[in-house]
Amino acid sequence: MTTTRGSGRDWTDPTCPVARTVDLVGDRWCLLIVRDAMDGAATFTDFQQRLGIARNILTDRLRRLVDHGVLATSVNPGGKRHGYELTEAGRDLFTVVVALRQWGERHAFAADEPHSVLVDRDGRPLATLRAENRAGERVSAATTRVRKVGEHGGSAARG
């Protein structure tokens, strides 16, 4: 059962999209599983070998990601093992993973410390992500605010 949407569970902050996202995929193992799925991992063994995660924790996180609609399962040929693939919701986390990567490149490594680099299919590093309003103007925490549910302007849904 997918519990990604709706009010059928206890949320940390029921009206905040950031809090709901963290409730669904904010665990470090979940994000690393999503990262590795984006990089081609597709089986329990793939994830276990890449992450070095305990089997019981991996089982729990894979189940959680499937239950939340981030991963889907399929039975591999021969029927012995499950395969995992990102759903549309899982693929939508790509920008989040890129943002975390870019933040880490700027703040988690010394200037001369080597680290992996995400490149496009032609081998070029990605441009730095930037938040923009709908007019294409750059925005920041200093130039935005959260319109809470019930404030003037309706449900505060952003589209």
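Where is the place of Thr87? Select Thr87 and you will find it in the loop between strand E2 and helix H5 (88-91). Keep in mind as you look around that this is a predicted model.

**Stop 1: Thr87 and its neighbours**

Is Thr87 buried or exposed? Its relative accessible area is 18%, and buried means under 20%, so Thr87 is buried. Now show what surrounds this residue: leaving aside residues up to four places away in sequence, Thr87 touches Gly69, Val70, Leu71 and Ala72. Zoom in on the side chain of Thr87, where a polar atom lies 2.4 Å from the backbone oxygen of Gly69. The side chain of Thr87 also reaches the backbone nitrogen of Ala89, at 3.3 Å.

**Stop 2: Gly69 and helix H4**

Click on Gly69 next. This residue sits just after H4 and takes a positive phi of about 80°.

Which residues of H4 are buried? Colour Leu58, Arg61, Leu62 and Leu65 to see them. Look down the axis of H4: these buried residues fall within an arc of 100°, so they line one face of the helix. An α-helix has 3.6 residues a turn, so residues three or four places apart point the same way. To see what covers the buried residues of H4, show H1, H2, H3, strand E1 (71-75) and E2, which are among the elements there.

**Stop 3**

Select Leu62. Not counting residues up to four places away in sequence, Leu62 touches Ile33, Phe44, Phe47, Leu71 and Tyr84. Leu62 is also one of the residues with the most contacts inside the largest nonpolar core, which has 23 residues. Which helix gives the most? That is H2, with 6 residues.

**Stop 4: a pair of rings**

How many aromatic pairs does a search of the whole structure find? The search finds 1. Show the rings of Phe47 and Tyr84: their centres are 6.3 Å apart and their planes meet at 70°, so the pair is edge-to-face. Phe47 in helix H3 and Tyr84 in strand E2 are 37 residues apart, so this pair links distant parts of the chain. Phe47 is buried, with a relative accessible area of 0%, and Tyr84 counts as buried at 14%.

Key:
Residues are numbered from 1 along each chain as its sequence is written. Side-chain values use heavy atoms; hydrogens and water are left out. A nonpolar core is a set of buried Ala, Val, Leu, Ile, Met, Phe, Trp, Tyr and Cys residues joined through side-chain atoms within 4.5 Å. Buried means under 20% relative accessible area, exposed over 50%, partly exposed in between (1.4 Å probe, protein chains only). Helices (H or I, at least four residues) and strands (E, at least two) are DSSP runs, numbered from the N terminus. Contact means heavy atoms within 4.5 Å. The arc is that of the directions from the helix axis to the C-beta atoms. Rings of Phe, Tyr and Trp (its six-membered ring) pair if their centres lie within 6.5 Å; planes under 30 degrees apart count as stacked, over 60 as edge-to-face and the rest as tilted. A polar contact is a pair of N or O atoms within 3.5 Å; within protein, one must be able to donate a hydrogen and the other to accept it, and residues adjacent in sequence count only if both atoms are side-chain atoms.
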